[in-house]
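Take a look at the model below.

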Amino acid sequence: MRSMFREGDLISAEVQGKSHDGGIQLHTRSSKFGKLGGGQLVAIHAKLVKKQRFHFTTLKGLDVDLIAGLNGLLWVSPHIQRAEDGTPLQDVMTKPTNTSSLLGTLNPPGNPNPSLADDPAAIAAAAAAAAAGSGPSLQQREAVVRVAGAIRALAALMLQVYPDSIVNAYQASLEAGVAVKDMTEKKFLEVLAQREVARRVKEAAQADAAQ
């Protein structure tokens with residue numbers, strides 16, 4: 001285990017059980033579980049996280065992935081397309097799988113300087129360039145921090161947090177022209193609370209009309 005993880009690493013896993021000595025048994029069924037990185041962690045009261053059928057989801061129209069833990073920890077990250085087994089497609093299709101593929105890039109047939117492929121610095125630079133090419137866009141990174149802000153705003157109002165409520169809060173912040181840093185300020189919270197009241201009134205009216 002220590003060959004893969006260290007103390008302080010953030011991981012996603014299913015809790016299968018708890019032992020008498022306080023230890024917990026974790027289970028990772030596919031490649032979508034494991035060490036997390038490249039995103040933002042938001043911690044809220046656990047009771048605010050609405051139980052869903054699926055707690056791994058991509059927020060509609062935002063190109064952002066969400067892991068909503070029932071322990072109150074939510075992980076927000078740029079959307080990554082995955083294969084059926086959960087492996088990121090960029091790992092399967094675009095990233096070099098070994099050093100020899102990098103050497104092929106550095107030392108193609110007819111390269112006038114074949115010694116370049118023996119240069120560790122050149123290999124490291126090629127690897128960094130390959131990784132940079134598959135990184136999230138500025139738009140995705142901005143969406144991630146705004147989604148995190150939407151979650152914090154909902155939690156500040158003690159409203160339930162689930163994909164639809166997050167997207168609604170996200171859209172409300174854009175319509176109000178609110179900066180991410182101001183999404184937990186009183187002015188925007190009042191706007192968000194008014195939208196929630198209006199939504200509930202509308203749902204009640206629709207329910208009455210259906211009876």
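How many residues apart are Glu196 and Arg200, and in which helix do they lie? Keep in mind that this is a predicted model. The two residues sit 4 residues apart in helix α6, about one turn of the helix. An α-helix has 3.6 residues a turn, so residues three or four places apart point the same way. The side chains of Glu196 and Arg200 meet in a salt bridge, with N to O at 2.7 Å.

Glu196 has another partner. Its side chain also forms a salt bridge with that of Arg199, at 2.6 Å from N to O. Glu196 and Arg199 are 3 residues apart in helix α6, so about one helical turn separates them. How accessible are the two ends of this pair? Glu196 has 16% relative accessibility, so it counts as buried. The cut-off for buried is under 20%. Arg199 has 25%, so it counts as partly exposed. Through shared partners, salt bridges join Glu196, Arg199, Arg200 and Glu203 into one network.

Helix α6 has 25 residues. From its first C-alpha to its last, α6 reaches 36 Å. That is close to the 36 Å expected at 1.5 Å a residue. Which residues of α6 are buried? They are Phe188, Leu189, Leu192 and Glu196. The buried residues of α6 pack against α5 and against α4, which covers residues 138–156.

One more pair leads out of α6. The side chains of Arg195 and Glu175 meet in a salt bridge, 2.9 Å from N to O. Arg195 lies in helix α6 (residues 186–210) and Glu175 in helix α5 (residues 163–175), so this pair ties together parts that are 20 residues apart in sequence. Side chains of opposite charge can pair when their charged atoms come close. Glu175, at 60%, counts as exposed.

Finally, the overall tally. How many salt bridges does the structure hold? It holds 5. Among them are the pair of Arg195 with Glu175 and the pair of Glu196 with Arg200.

Technical notes. Residues are numbered from 1 along each chain as its sequence is written. This is a predicted model: local features need pLDDT of at least 70, side-chain atom pairs count only at pLDDT 80 or more; totals for chains, interfaces and linings use all residues. Side-chain values use heavy atoms; hydrogens and water are left out. A salt bridge is a side-chain nitrogen of Lys or Arg within 4 Å of a carboxyl oxygen of Asp or Glu. Buried means under 20% relative accessible area, exposed over 50%, partly exposed in between (1.4 Å probe, protein chains only). The expected span of a helix is 1.5 Å times one less than its number of residues. Contact means heavy atoms within 4.5 Å.
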